[in-house]
Amino acid sequence: MDSFLEEEDGEAAAGKRKRSPVAQAALQPPLHLPFLRPQPVSSNEHKLNFRKSKEACLSYIQDALLQKQWKRAAEFLTCYVESLEKDYSREHIGPSEVIWRIGTEIFYHSQSSMKEFNYFMEQMKTLGVKRYLKVCLEHIFHLLCNGQIDEAYQNLSLAESWRFGEQTAIQDKEMKLIQAYRGLLDYYSWSKQKNILLEHGEDGFSDLAVEQEMHGYFRKAAVSLKEIIKIPGVWDIFVKCYVDLLEFYGDHNEAHQVLNEYAYNSKFPANPNAHVYLYQFLKRQGESKKTLISALKILHDIVPSHELMIDFNTMLQKSKKRKKRRMGLEVIFAALDYAGWKENAKAWSCLARQVKQIVISGKHLDWIKQEWSSRKDWWPAFHFSRYLAKRNWQENKSLSYEKALVAGVLLGKDCKYFKYVSHQGCKAQLKRFRMLKKFVNRHNPVYLRISGPPDSSVQP
Amino acid sequence: CRGEDAGRDFNERCAQCSEVNWGLTDGGRFYCRSCHNVTERSREVVNTDFITNSRVQTISKGSRKQEKKDGGCEWYICEGFQLVLKKQVEALEALGVCPQMKDEILCNFWRCYLQKSKQAYCERPAGETVKALSVCESSTDVDSDPERPSLLHLLSLSESEGALQTDCSFASSVSKVSESTSVCSGSVDGSLYLMKNQKEKLRMTMPMTLSFCYMALLWVREPITLSELLRFVVEGHIPYLNVFEHFPENMRLCGLDLKIFCVESWPVYEEVFNKMHELAAFLDLPRFPDITESCFLHPDMLCMKYLMEANLPDELHNWTCRVVKKTGIGEVDFLTLMPGNKSTRKVKYDVLAAAVIIVVLKLLFLLDDRYEWLLSGIAEERNKNNTEGGPYFEFKKWYEVVKHSLDVEQKKLDEERAKYLWRCEKPLFYSVKNKSKVLKRRLFWYLILLYLFQNQFGKLSGSVQRAEKPNPSSFQLSWSEENTDGSCFHGHSLKGILQEKHGLLTAMNPDYWLCTVKLCNEKLCGHLAHYREVEFPQSYHFVLGLFSFLLRIQPSYIHDEVCMIEHKLFNKKLSKKIKYNRVLRK
């Protein structure tokens, strides 16, 4: 009913519009034409002015940097300095930032002496309050890269005591970073003292002063490292050092908690290393297989190509549970999907061992079948080409042995890789290659079952 | 102050220390250099010396404050411009223009301008009525005064002349607002100058100083074209960008003065050209001296210069002269400037000559991306068999040689532009409180980087440009016949592309294409024609680009001129065609 009424209304309005367009027009506000600007004189568009000249200068700098022409970049940069007077804070990256970044780059790449670089950095610190801490950090990295630890420490302490007006949130974070790096250097001193003590300890001689100093470093380092890892972020180096400190003083609970937090707190960005550190810690602590496996499971989800996947696979293969063993097969197959693993004999032997086991037992062929089905159209070219057979044979006999076994099982005795390697092996009168040939020939029907269409004849 | 020498002809002893050692103050009075006693006597003779301050002598009531607190003296904007002009004309003299130009021509133009714009040499100078609006002293109540536009508004004024772009950029980023409210000018009438709507009076601007120079050069028929003048400016032979470097110590520039005198862009041909014509009309100047065939600015002469510079055969000059004659653009009445005459088109001598050459190239080579290469092939064949006499001109070879040089020079120029240092090293005064903090910082940084990088890399090129200016040259590309590498085409012969007809040499090329069939109305749309690169053959574009580089103006301006000449050349044929079309339509 309502909709009907509305329609009628609409029609009525339309009728009215038809009848009196003048009245309708009167309802609309009159159209105000915008002010017409005078046509720009075209010559002005091409007029070279300060701004355009400096823009061109900047693009020359960028070109020179890309071509590693440091001197040329330096030439243009000195001319670019004039644009400092147009340095408005509202610009995203102002000229002073450009000069800082590019200048640093030039100094860094042209193997300048530290004297000049230090001077440049000191001057840069005066160029902008907002950037002060950032410049300090950059300077410190450079000092550390050059092995000037003491200078770096001095600079860090100086930066730490710097205050300007009210601290902003960003400055707060930058300050924490500065403190963390200072803490890192404290850790470095601590570990040096520790080594001295350990050496002395072997001589059966203890030095109280050194020990006290060492504890002092520990306290300083621990306080600032603890602060930074509370903030969500990637703090691998800080976490590692902090855990090392805690472990040394036997505070395993705290260490475990820190690592757990670092790995599992969802506020932190996903970070494979967090899980690696946790796993390594748990391993050191002699935790149960179950705990270790669950730590590595997450790492596998994030980085299936991680080097720890071999450990993971080994652990899973040994497991009594069928489900875990199956997962082991998945893990090793997934790792070998990555080019980085292509020539890793260890990984191939893991796979070969598990495949052989399954073939001999005659159980769970469907596991292989399932893994293989998504790989059978690209693995032959990726792993089992004749070219690779030749190369692997020449470079690494045991790698070619493991691969040939897998190839023989998955692709049958006629596969190029297997044929070439077993032929070469027999020619060289190597016993295990003859055994391999026999094994594959005996189990050739398996290949048909694996590569065939999914059928119910394969028993679980 | 200025006028040191002028004090010498005043021989009375000083009433205080009885020395005879007089100097002249800015107020035109004598002061004792020994005891700084200022006499009541002022100089009465109108000094003919261009340097001394004409304004002061005629309008100042003698009560000028001698010195401000900070040691700067009072000065007016027009005095600043006078100084700029003086520096510029002195630089021109150093370049070799006739010495009369300064005192007899430019000086008179300037006086005439001051008088016409009611700034001096008149009963009641315009500035006097609202005299001495010293913004420095009254800056606190400026914003509350509704009668006066606020200084913030002044600073954001956009100059139609385009040259006074120095915005409030001199303020540092930290405290921009507070600074711009406390802005002041070192000159007496800086704020007034920017505030007044002086449309009817033709306000002086920095580009206008060049218009003055060009007008004087044209009056004495000096062999300098406008494009050359502007190139000399850019190359630093004529003071312009940082001309205030030359202001005396006590003429302090700050705030609004910088908006007037500190230029942030290079002068533009069109702007200087148009202002010159406006100026000539404003000053009611009579007809300029005739541009005859013997003048440098006559197209026949300029064509010769540009043919050489473009590395084209000398023989082409014969053809350019014929085109000039046929089109009537060599006539005295066409070439000579008649100020205020709106019916005649204003002549850009340099652009005109370049356009004549392009028209000749089109007549002979067609430049349609096909015919010129065809001719070049024929010439190449003939050159193989030709043993005696100069070689035939090959368009292809010429293109390769010139294109190469042009690319190299263009690249060099682009880099120079990017490396250009816009600021002088002399500190400027932005405001009394915050003396040139920003500018000092810039200079400081320049030196620091220079020092560091030079330690790092050894001497840097380009960073010392101020010290070593290249000598001014009227040629940007030079080709010498002494070079044996065959890169000079001046002596090449056009025989290959000409044929004899009834005892006359004519072009083999039977066709011609017009750049445009119908010209636009220049007064309405600003252009005679419209140039779009894609619509024209590459060869034509190349030739335009070549002259655009030589004259440092946009190709479209040369294109306009080419169209104009073509229409004069084909006038009869065109009008016939139009008539024929009309008949057909009926």
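Let me begin with a definition: a crossing is left-handed if the near helix is turned anticlockwise from the far one by less than a right angle, and right-handed if clockwise. Helices (H or I, at least four residues) and strands (E, at least two) are DSSP runs, numbered from the N terminus.

A word on provenance. This is a predicted model, in which local features need pLDDT of at least 70 and side-chain atom pairs count only at pLDDT 80 or more, while totals for chains, interfaces and linings use all residues. Residues are numbered from 1 along each chain as its sequence is written, chains are lettered from A and ligands numbered from 1 in the order in which they are written, and side-chain values use heavy atoms, with hydrogens and water left out.

I turn to helix packing. Two packed helices are described by the angle between their axes and the distance between the axes. The axes are lines fitted to C-alpha atoms, for helices over the stretch in contact, and the angles run from 0 to 180 degrees between N-to-C directions.

In chain A, helix 17 (residues 322-336) packs with helix 19 (residues 365-373) at an angle of about 30°, and their axes are 11 Å apart. Helix 17 of chain A is therefore roughly parallel to helix 19 of chain A. The cut-offs are these: angles under 35 degrees count as roughly parallel, over 145 as roughly antiparallel, 65 to 115 as roughly perpendicular and the rest as oblique. The crossing of helix 17 of chain A with helix 19 of chain A is right-handed.

Which residues of helix 17 of chain A meet helix 19 of chain A? From helix 17 come A:Arg322, A:Arg325, A:Arg326, A:Leu329, A:Glu330 and A:Phe333, and they meet A:Trp367, A:Ile368, A:Gln370 and A:Glu371 of helix 19. Contact here means heavy atoms within 4.5 Å. By class, this contact of helix 17 with helix 19 in chain A has four nonpolar, one polar and five charged residues. For the classes, Ala, Val, Leu, Ile, Met, Phe, Trp, Tyr, Cys and Pro count as nonpolar, Asp, Glu, Lys and Arg as charged, and the others, Gly among them, as polar.

Helix 13 (residues 299-309) and helix 14 (residues 316-327) of chain B pack at an angle of about 150°, with axes 10 Å apart. Helix 13 of chain B is therefore roughly antiparallel to helix 14 of chain B. Helix 13 of chain B also passes helix 14 of chain B in a right-handed crossing. On the helix 13 side are B:Pro299, B:Asp300, B:Cys303, B:Met304 and B:Leu307; their partners in helix 14 are B:Leu316, B:His317, B:Thr320, B:Cys321 and B:Val324. The residues in this contact of helix 13 with helix 14 of chain B comprise seven nonpolar, two polar and one charged.

Chain B has 23 helices and five strands. Of its 586 residues, 53% are buried, where buried means under 20% relative accessible area, exposed over 50% and partly exposed in between (1.4 Å probe, protein chains only). Among contacts in chain B between residues at least 6 apart in sequence, 74% join residues at least 24 apart.

Some individual residues deserve attention. B:Ile77 is in helix 2 (residues 77-95) of chain B and is buried, with a relative accessible area of 0%. Its C-alpha atom is 9.1 Å from that of B:Phe261, although B:Ile77 and B:Phe261 are 184 residues apart in sequence. Residues up to four places away aside, B:Ile77 touches several others, including B:Ser187, B:Tyr193 and B:Ile260.

B:Ser539, in helix 21 (residues 538-551) of chain B, is buried at 3% relative accessibility. Beyond its neighbours within four places in sequence, the contacts of B:Ser539 include B:Leu367 and B:Trp373. B:Leu367 itself lies in the loop between helix 16 (349-365) and helix 17 (371-385) of chain B. Is B:Leu367 buried or exposed? At 0% relative accessibility, B:Leu367 is buried, and its phi is near 50°, a positive value in a residue other than glycine.

In chain A, A:Lys68 also has a positive phi, near 60°, in a residue other than glycine. A:Lys68 sits in the loop between helix 4 (50-66) and helix 5 (70-80) of chain A and is exposed, with a relative accessible area of 60%.
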